[in-house]
Amino acid sequence: MTDCRPPRPAPSAPADGLRGHCTVLRSHARRLRAGAAALEWRGPQADALRAEVAALADRCARAADGFALAAAQLDGPDPRRS
């Protein structure tokens, strides 16, 4: 009888997935900031919108930092740092 299950992913696959999410979140943060900066609308409501978009971009960047940290932890200690 043959094994029909797909091959198991390499041990680094979870870390690579986290790094992929990190890249996407950083891209979202950059696009959010660029969109807010390009906004030509002025006034208190525009300022409030810009503040909300900036907060959202900051949350995306913080989440990306968390994914990067988790990926580094999954990778284990770097022998070059020893």
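Buried means under 20% relative accessible area, exposed means over 50%, and partly exposed lies in between, with a 1.4 Å probe and protein chains only.

Some ground rules. This is a predicted model, where local features need pLDDT of at least 70, side-chain atom pairs count only at pLDDT 80 or more, and totals for chains, interfaces and linings use all residues. Residues are numbered from 1 along each chain as its sequence is written, and side-chain values use heavy atoms, with hydrogens and water left out.

Now the overall layout. The protein has two helices and zero strands. Helices (H or I, at least four residues) and strands (E, at least two) are DSSP runs, numbered from the N terminus. Of the 82 residues in the protein, 18% are buried.

In soluble globular proteins, nonpolar side chains tend to be buried together.

Setting aside neighbours within four places in sequence, Ala 64 is in contact (heavy atoms within 4.5 Å) with Cys 22, Leu 25 and Arg 26. Contacts across the sequence show up in the totals too. Among contacts between residues at least 6 apart in sequence, 78% join residues at least 24 apart.

Next, helix 2. Its 32 residues, at 1.5 Å a residue, should span 46 Å, and the end C-alpha atoms are 47 Å apart, which agrees. That expected span is 1.5 Å times one less than the number of residues. The buried residues of helix 2 are Ala 46, Arg 50, Val 53, Ala 57, Cys 60, Ala 61, Ala 64 and Ala 71. Helix 1 is among the parts that cover them. After helix 2 comes Gly 76, with a positive phi near 85 degrees.

Notice Arg 50 in that buried list. What does the side chain of Arg 50 reach at 2.7 Å? The backbone oxygen of Trp 41. Leaving out neighbours within four places in sequence, Arg 50 is in contact with Ala 36, Leu 39, Trp 41 and Arg 42. Arg 50 also meets Asp 47 in a salt bridge, at 3.5 Å from N to O. A salt bridge is a side-chain nitrogen of Lys or Arg within 4 Å of a carboxyl oxygen of Asp or Glu. Asp 47 and Arg 50 are three residues apart in helix 2, so about one helical turn separates them. Asp 47 is partly exposed, at 49% relative accessibility.

How many salt bridges does the protein have? Five, by this rule. Side chains of opposite charge can pair when their charged atoms come close.

Let me show you a network. Asp 16, Arg 19 and Asp 75 are linked by salt bridges. Arg 19 meets Asp 16 at 2.7 Å, N to O. Both lie in helix 1, three residues apart, about one turn of the helix. Arg 19 also forms a salt bridge with Asp 75, with the closest N and O atoms 2.7 Å apart. Arg 19 lies in helix 1 and Asp 75 in helix 2, so this pair ties together parts that are 56 residues apart in sequence.

One last pair. Pro 14 sits in helix 1 and is partly exposed, at 45% relative accessibility. The C-alpha atoms of Pro 14 and Ala 70 are 9.6 Å apart, while the residues are 56 apart along the chain.

Technical notes
A polar contact is a pair of N or O atoms within 3.5 Å; within protein, one must be able to donate a hydrogen and the other to accept it, and residues adjacent in sequence count only if both atoms are side-chain atoms.
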